[in-house]
Amino acid sequence: MLRKESQASKPLERHRLENFVRGWFVGNFQPTLMSSDAVEVGIKHYRAGDREAAHHHKVATELTAVVSGRVRMSGEEFGAGEIVRIPAGSSTDFMALTDAITVVVKMPCVSGEKQLDEAPA
């Protein structure tokens, strides 16, 4: 019986999420595990009551997957297992209703294109 030669494997790398800025670990920023202009990926941990101001992305589409907990975005509640698609130009705010974990994917990765919405007068 012939035996297949195994390919030389590279050792696995181990990293800690807290070593990355606000959970972002793929994109065209530093530090990153994989530099990319095509996509940004982050894992975000929130405590109940944490908020992000209303904002939009001029170029990027954002996908937010709720892994655990409950959150409110643009007045709608979302829970574990739900994914929210926010097209470029669409505005949303964010509030963690409970402790929550989300995975956020933004495409493409364009520095400086996030815009805070103006507060109503």
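1. Strands here are DSSP runs of E with at least two residues, numbered from the N terminus. Ser 74 sits in the loop between strand 5 (70–73) and strand 6 (76–79). Its phi is near 50 degrees, a positive value in a residue other than glycine. Ser 74 is partly exposed, with a relative accessible area of 43%; buried means under 20%, exposed over 50%, and partly exposed in between (1.4 Å probe, protein chains only).

2. This is a predicted model, in which local features need pLDDT of at least 70, side-chain atom pairs count only at pLDDT 80 or more, and totals for chains, interfaces and linings use all residues. Residues are numbered from 1 along each chain as its sequence is written, and side-chain values use heavy atoms, with hydrogens and water left out.

3. Arg 22 also has a positive phi, about 50 degrees, although it is not a glycine. Arg 22 belongs to the segment before strand 1 and is exposed, at 57% relative accessible area.

4. Most peptide bonds are trans. The bond from Gln 30 to Pro 31 is cis, with omega near -5 degrees, and Pro 31 is in the loop between strand 1 (24–26) and strand 2. Met 107 and Pro 108 are likewise joined by a cis peptide bond, with omega about -10 degrees; Pro 108 falls in the loop between strand 9 and strand 10 (114–116).

5. His 57 lies in strand 3 (residues 51–57) and counts as buried because its relative accessibility is 4%. Its side chain makes a polar contact with the side chain of Glu 62 at 3.0 Å. Such a contact is a pair of N or O atoms within 3.5 Å; within protein, one must be able to donate a hydrogen and the other to accept it, and residues adjacent in sequence count only if both atoms are side-chain atoms. Leaving aside residues up to four places away in sequence, His 57 touches Glu 62, Ala 88, Gly 89, Ser 90, Lys 106, Glu 113 and Lys 114, where contact means heavy atoms within 4.5 Å.

6. Strand 4 (residues 61–68) and strand 7 run antiparallel and are joined by four bridges; strands pair if DSSP finds at least two bridges between them. Ala 65 has Ile 83 of strand 7 as its bridge partner. In a regular strand the side chains alternate between the two faces of the sheet. Strand 7 (residues 83–86) has Val 84 and Ile 86 on a covered face, and Ile 83 and Arg 85 on an uncovered one.
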